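Visitor: I would like to learn how to read the interfaces in a model such as this one. Could you take me through them step by step?

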Amino acid sequence: MLARGAEAKVFHTTYDGEPALAKRRLPKAYRLAALDNTIRKQRTRREAKILRAARAAGAKCAELLKEDEQNCELLLKEVEGTLLSREKTIAPKQAFEAGLQLALLHDAGIVHGDYTTSNLIADGNLVTVIDFGLGEFSNAAEEKATDVLLFEKSIAGRANEPALRSHFEKAYLLHARNGHATLKRVKAIYARMRYASQSQ
Amino acid sequence: MKILAIESTAHTIGVAIIESKAKSATAVSKANTKVLSNEIARYPAKLEGFIPRKLADHHAKEYPRVLRAALSKAKVALADIDYFSYSQGPGIGHCLRVGFVGARSLSLLNGKPLIPVNHTVAHVEVGKWACGCADPLVVYVSGGNTQILAKHVERGANYYHVFGETLDVGIGNFLDVMGRELALSPPNAIGFLALAEKGKEFLQLPYTVKGNNLAFSGLQSAALRLKGKHPSADICFSASEVAFSTLVEATERVLCHTGNKEMLIVGGVAQAKRLQQMYSLMAADHGVRFSVVPPVYAGDQAAMIGITAVKHALSKDIRRDVSPNQSMRIDSHAIRW
């Protein structure tokens, strides 16, 4: 086993004689079986669809090799690099790249749903987006703003947080079609969160 | 030291007396810090919900009786108290003011310092004290709050960082509204959870997890649209399964991110049996020690305020700004222990 996320386990395997990764959504004992099966199948199918659309839109993400809905499993090509969340320091250029990738996805009508540094793999300044498990096809400002919010929350507390945030937003504004509207919505979400301070 | 603590953020007015022999804030444990008394009066659940003015009237009327009961049960005189503490926020403004006025008057009359306590921090601290956890991932689930928290260093200090939270209403609030709208008995989360156990058919409802965050208002609307079309028991069963599953899933995500070795659930909703069961399954899967705050310290009460005040006093961290604050966040101030 290579990695264990909250939802799935990732194994090394081969596909057509080439090394590949298998992402399998395992049953959750805490969830009612009826609910669990629906969610796992739905998410596997949707993730495959989104991965294809994201690559078609030119975003950097893992290549989908095979989809197996019955076993809730996807076969993917391996991605080089390290998780951004594991990096001691994140460079502003990497945050910029993260903003650009998110803009590409949003313009293709894709929201990621879990756009945090734990789901971005950095190879130098290049950033690859992984795990579309909570992704959706949506152009809703709310959903897009949630992606921005999740990224910003995931860099919160880092020493260079303001620089990362500004580079991320700058790239997003430069590349996303409705960037301004999305960032405005981010502010609105902050404002309606429980006991949020007015300054955020 | 002896501390008198007052809680009055929402439906409960409470007074507790705490005695601590701990030498430092980090050493506070069940062995050296005792709850001598923990008296409460709770505003009854009604179909009209909570009307702030009525809640505050209830608290003001019950306060003298609760205060006397706490003192006599603890066999402590006001003159023996070293610090007076109270819930500064977050909460309902009208209610906060009752506890604040009570604590401040006692502090002035007896010439002893006043310690303002953040109600959210107090829920976490009492859970850690009661369950003997050192550094747990904490899930705080109550009427107004749904937060997934862990101690985290930010800007050179310790904070309870909010890794995930509700983006609209608290889970307890959602359960209360369901209980009220379905006119259950009692018309709140308790009635809802009791009926949920009798549900048989699982009805499909929207399942919302936004990364580590949650939202319950969409689920609430969808579940209430089923009112009258399906038995209330099935609606309650399905809605609670979905709500709790999203909560456990978001927590599991945070756990994978933070890697804590202990997990603790606190707050009124922590008493929900099905939620405890789901969490223990998830914790076992990750090899994490799992604890639930004992029932007496789950809902709002003043012992948690007193235990947190002990830590404030021992770490000489007493806020100057004593005014009640309706919208205090848990991550707005550093934790000095």
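Predicted model: local features only at pLDDT ≥ 70, side-chain atom pairs only at ≥ 80, totals over all residues.

Visitor: How many residue pairs in polar contact does the rule find across the interface of domain 1 of chain A and domain 2 of chain A?

Guide: Residues are numbered from 1 along each chain as its sequence is written, chains are lettered from A and ligands numbered from 1 in the order in which they are written, and side-chain values use heavy atoms, with hydrogens and water left out. A polar contact is a pair of N or O atoms within 3.5 Å; within protein, one must be able to donate a hydrogen and the other to accept it, and residues adjacent in sequence count only if both atoms are side-chain atoms. Between domain 1 of chain A and domain 2 of chain A the rule finds five such residue pairs, both residues being at pLDDT 80 or more.

Visitor: Which element gives the largest share of the side of domain 1 of chain A that touches domain 2 of chain A?

Guide: Helices (H or I, at least four residues) and strands (E, at least two) are DSSP runs, numbered from the N terminus. Here β3 (18-25) and α1 (33-56) of chain A give two or more residues each, and α1(A) has the largest share, with eight residues.

Visitor: Where are the domain bounds in chain A?

Guide: The bounds, which come from an automatic or database domain assignment, are 3-76 for domain 1 and 82-192 for domain 2 of chain A. Their C-alpha centres lie 22 Å apart.

Visitor: Which residues form a salt bridge with Asp131(A) and with Glu249(B)?

Guide: A salt bridge is a side-chain nitrogen of Lys or Arg within 4 Å of a carboxyl oxygen of Asp or Glu. Lys23(A) pairs with Asp131(A), the closest N and O atoms being 2.7 Å apart, and the count between the two domains of chain A is one salt bridge. Across the interface of chain B and chain A the rule finds eight salt bridges; among them, Arg31(A) pairs with Glu249(B), with the closest N and O atoms 3.0 Å apart.

Visitor: How much area do chain B and chain A bury between them?

Guide: Buried area is the accessible area (1.4 Å probe) that two parts lose on being put together, summed over both. For chain B and chain A this is about 3000 Å², 54% of it on carbon and sulfur atoms. In chain B, Leu167(B), Lys210(B) and Arg253(B) lose the most area to chain A, together 19% of what that side buries.
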